[in-house]
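Please look through the sequence and the model together before reading on. The paragraphs below move from helix packing to individual residues.

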Amino acid sequence: MQYHHPQQQEEKPHVLNPMMNQHQLNSPQAPSFFLPLPFENNHQLPHPKRQNSGGRMEPISQMMPKLPFSDPGHHELFLRKQQQQQQQQHHLQQQQHFGFPPGLPPFLQQHHQGIQQNTLVGKKEDPGGGQQHELLDQLYKAAEMVGTGNFTHAQGILARLNQHQQLSPIGKPLYRAAFYFKEALQLSLGHNNVNNNLVTSHPIMPRTPTPFDVIFKMGAYKVFSEVSPLIQFINFTCNQAILESLEDADRIHIVDFDIGFGAQWASFMQELPRNRGITPSLKITAFASPSTHHPIELGLMQENLTQFANEIGISFELDVINFDSLDQQSCFSLPIFRASENEAIAVNFPVWAASGQPSALPSLLRLIKQLNPKIVVSLDRGSDRSDLSFPQHVLHALQSYINLFESLDAANVTSDALNKIERFLLQPKIESTVLGRLRGPDKMMPNWKTVFASSGFSPVPFSNFTETQAECVLKRAQVRGFHVEKRHAFLVLYWQGRELISASAWRC
């Protein structure tokens with residue numbers, strides 16, 4: 001599939017449907033490349049709750065009452081605020097005593113503190129502790145040099161890190177995650193000619209995927225969805241919020257800034273209500289970048305989604321627009337900004353969709369608001385922080401990926417499968433997180449929640465049914481250690497008490 005540029009006509013060459021050895025979805029008509037959902041009998045997902053769907057079922061959440069929480073009194077609020085101030089002061093004292101790099105997240109501070117304490121008392125539990133301590137310092141310094149444009153010194157630091165014995169895509173989660181962040185920082189230098197202290201800058205762009213990357217990426221995605229509940233948590237949570245918002249719409253238009261392989265929308269099609277004997281039509285407008293989606297990948301996705309829609313009798317249309325060519329002037333000329341009044345629009349806009357162009361987030365949200373969507377669903381993996389300085393942003397993102405890598409290790413997958421998941425799915429996201437921030441403005445921006453609010457969006461709490469559905473997803477996970485919590489209007493997936501991803505819904 002060719003990318004559709006504004007004011008250009010989309011071309012749709014024939015693409016062979018791949019023969020992949022995969023299980024089927026619960027529906028026997030599901031195309032082979034979509035992901036399996038093999039639930040045991042005692043861990044079945046509750047059927048999605050549909051508004052005005054003829055009363056076929058009652059929400060399971062009614063069988064799981066929750067305890068009411070009263071508002072805290074002024075005295076309790078005062079004590080809590082005082083405790084937070086004491087904790088902040090304690091963290092500052094820790095940073096001074098243990099020599100933390102500025103802005104080191106709490107999880108990495110624990111690594112630092114444990115390393116220092118073992119060294120001070122002569123413990124031998126962590127023989128590589130000194131190396132971890134040095135590694136975090138060196139990564140911070142390298143990011144600091146890259147962020148300030150001191151590419152010569154950054155190159156020297158990264159050259160030393162290349163000699164680090166344990167820094168590789170095989171090993172402990174901290175070393176693997178640090179390796180990929182080191183590679184991303186190195187990639188930023190690859191776009192700068194560093195020679196005799198003379199630096200010539202070039203546009204910073206991620207690696208371009210190849211056809212072989214598409215094959216490995218699809219296989220890695222399948223394994224990832226089987227060993228981790230992360231993808232299913234994302235898909236079911238966002239789909240349920242959209243289903244509840246669109247109610248009895250006959251014409252549904254999804255604007256998606258993170259289309260992936262389209263598996264989310266195959267699941268969505270299955271759950272579209274057939275009200276009054278009428279099946280809603282579905283149109284998807286996907287914004288995708290050539291730096292993340294190869295045309296072959298998009299072609300396979302379109303062919304499989306179209307085939308699946310035909311098999312279950314849904315009118316379906318997919319249009320793909322080049323995200324990199326998106327700007328306000330050309331975007332307003334696109335057909336999606338002249339949507340029919342009878343069309344119900346929902347937007348899928350994860351925070352990382354703007355990680356390649358973080359300064360464009362306010363403009364993108366203004367464009368989305370012009371669509372007057374019924375709902376906007378978003379996701380935050382905690383690694384995209386435009387409100388932090390660049391080196392602090394790198395360390396915070398490193399923490400996020402260490403958490404994710406640890407959860408993958410607990411699934412006991414083969415080292416080869418683990419390497420493919422990290423190399424073909426996660427490494428490109430790390431590169432986008434690092435390189436995208438370098439393309440942004442030097443000054444720090446407000447955090448994304450503030451930008452959403454200032455753009456006129458208000459958070460919408462998820463239903464109790466959606467929360468129950470997410471809990472059912474975790475019950476069938478291969479490993480324990482995951483749990484879901486409501487945090488304000490957000491639904492957050494945790495691993496061992498550390499946040500992996502949060503889902504949110506918004507209206508304007």
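The axis of a helix is here a line fitted to its C-alpha atoms over the stretch in contact, and the angle between two axes, taken between their N-to-C directions, can run from 0 to 180 degrees. In this predicted model, the axes of helix α7 (residues 230–246) and helix α15 (residues 464–475) come within 10 Å and cross at roughly 160°. Because angles over 145 degrees count as roughly antiparallel, α7 and α15 are described as roughly antiparallel to each other. The crossing of α7 over α15 is right-handed, and the residues that meet are Q232, F233, F236, T237, Q240 and E244 from α7 and F465, T466, Q469, A470 and V473 from α15. Sorted by class, the contact of α7 with α15 holds five nonpolar, five polar and one charged residue.

The protein has 508 residues, of which 54% are buried, and its secondary structure comprises 15 helices and 11 strands.

On the α7 side the contact is made by N235, F236, C238, N239, I242, L243 and L246, and on the α8 side by Q264, W265, S267 and F268. This contact of α7 with α8 has seven nonpolar residues, four polar ones and no charged ones. How much of α8 is covered? Seven of its eight residues are buried, so that the helix is mostly covered, and the buried residues are A263, Q264, W265, A266, S267, F268 and M269.

Helix α6 (residues 211–227) also packs against α7, at an angle of about 85° and with the axes 6 Å apart, which makes α6 roughly perpendicular to α7. In this pairing, Y221, F224 and S225 of α6 meet L230, I231, Q232 and N235 of α7, and the contact divides into four nonpolar, three polar and no charged residues.

Two single residues complete the picture. S378 is found in strand β7 (residues 375–380), and with a relative accessible area of 0% this residue counts as buried, because the cut-off for burial is under 20%. A polar atom of the S378 side chain lies 2.8 Å from the backbone oxygen of F349. Once residues up to four places away in sequence are set aside, S378 touches F349, P350, V351, W448, F452, S502, A503, S504 and W506.

K449 is placed in helix α14 (residues 448–454). Is K449 buried or partly exposed? Its relative accessible area is 36%, and K449 is therefore partly exposed. Apart from neighbours within four places in sequence, K449 is in contact with R487 and F490, while its C-alpha atom lies 9.4 Å from that of P459, a residue 10 positions away in sequence.

Terms used:
Residues are numbered from 1 along each chain as its sequence is written. This is a predicted model: local features need pLDDT of at least 70, side-chain atom pairs count only at pLDDT 80 or more; totals for chains, interfaces and linings use all residues. Side-chain values use heavy atoms; hydrogens and water are left out. Helices (H or I, at least four residues) and strands (E, at least two) are DSSP runs, numbered from the N terminus. Buried means under 20% relative accessible area, exposed over 50%, partly exposed in between (1.4 Å probe, protein chains only). A polar contact is a pair of N or O atoms within 3.5 Å; within protein, one must be able to donate a hydrogen and the other to accept it, and residues adjacent in sequence count only if both atoms are side-chain atoms. Contact means heavy atoms within 4.5 Å. Ala, Val, Leu, Ile, Met, Phe, Trp, Tyr, Cys and Pro count as nonpolar, Asp, Glu, Lys and Arg as charged, and the others, Gly among them, as polar. Angles under 35 degrees count as roughly parallel, over 145 as roughly antiparallel, 65 to 115 as roughly perpendicular and the rest as oblique. A crossing is left-handed if the near helix is turned anticlockwise from the far one by less than a right angle, and right-handed if clockwise.
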